[in-house]
Amino acid sequence: MKSSGSAGRRRLPTSPFPPPPAAPPVQEFVLDDRVTHDKYGLGQVVGVEPGGAVLVDFGTQKVKILSPYVKLFKL
């Protein structure tokens with residue numbers, strides 16, 4: 001079954017509705033960036049993998065977070 005999302009629909013130039021907002025750019029992190037996560041708290045980036053994964057040390061644990069970083073914010 002196909003979902004009825006607006007990602008595959010084309011927009012007609014005569015449409016009275018505004019175009020959907022553009023997707024926000026993907027954040028980029030580098031080593032030693034200080035970050036905060038909604039679930040894990042404050043941490044520091046200790047590894048960056050090609051393809052969009054970052055390894056963050058939160059003090060009590062190290063967590064690999066995959067892109068898109070919905071709950072991860074740079075300080």
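The dialogue below goes through selected features of a predicted model.

Q: In what order do the five strands form the open sheet?

A: The order is β4-β3-β2-β1-β5, with antiparallel pairing. The edge strands, each pairing on one side only, are β4 (62-65) and β5 (72-74). On average, neighbouring strands of this sheet are turned by 40° against each other, direction ignored.

Q: How many bridges join strand β1 to strand β2?

A: Four bridges join β1 (residues 34-37) to β2 (residues 41-49), and the two strands run antiparallel. Val35 stands opposite Gly43 in β2.

Q: Is Asp32 buried or exposed?

A: Asp32 counts as exposed because its relative accessibility is 54%, and the cut-off for exposed is over 50%.

Q: Which contacts does Asp57 make, leaving aside its neighbours within four places in sequence?

A: Asp57, in strand β3 (residues 53-57), is in contact with Gly43, Gln44, Val46 and Lys62. A polar atom of the Asp57 side chain also lies 3.0 Å from the backbone nitrogen of Gly59. The C-alpha atoms of Asp57 and Asp32 are separated by 9.9 Å, the two residues being 25 apart along the chain. With 27% relative accessibility, Asp57 counts as partly exposed.

Q: How many salt bridges does a search of the whole structure find?

A: Side chains of opposite charge can pair when their charged atoms come close. Here the search finds two salt bridges. In one of them, the side chains of Lys74 and Asp33 meet at 3.5 Å, N to O. Lys74 lies in strand β5 and Asp33 in the segment before β1, so this pair ties together parts 41 residues apart in sequence. Lys74 is partly exposed at 43% relative accessible area, while Asp33 is buried at 15%.

Q: Where do Glu49 and Lys64 lie?

A: The side chains of Glu49 and Lys64 meet in a salt bridge at 3.4 Å, N to O. Glu49 is in strand β2 and Lys64 in strand β4, 15 residues apart, and the pair links distant parts of the chain. Glu49 counts as partly exposed at 38% relative accessibility, and Lys64 counts as partly exposed at 49%.

Technical notes:
Residues are numbered from 1 along each chain as its sequence is written. This is a predicted model: local features need pLDDT of at least 70, side-chain atom pairs count only at pLDDT 80 or more; totals for chains, interfaces and linings use all residues. Side-chain values use heavy atoms; hydrogens and water are left out. Two strands pair if DSSP finds at least two bridges between them. Axes are lines fitted to C-alpha atoms, for helices over the stretch in contact, and angles run from 0 to 180 degrees between N-to-C directions. Buried means under 20% relative accessible area, exposed over 50%, partly exposed in between (1.4 Å probe, protein chains only). Contact means heavy atoms within 4.5 Å. A polar contact is a pair of N or O atoms within 3.5 Å; within protein, one must be able to donate a hydrogen and the other to accept it, and residues adjacent in sequence count only if both atoms are side-chain atoms. A salt bridge is a side-chain nitrogen of Lys or Arg within 4 Å of a carboxyl oxygen of Asp or Glu.
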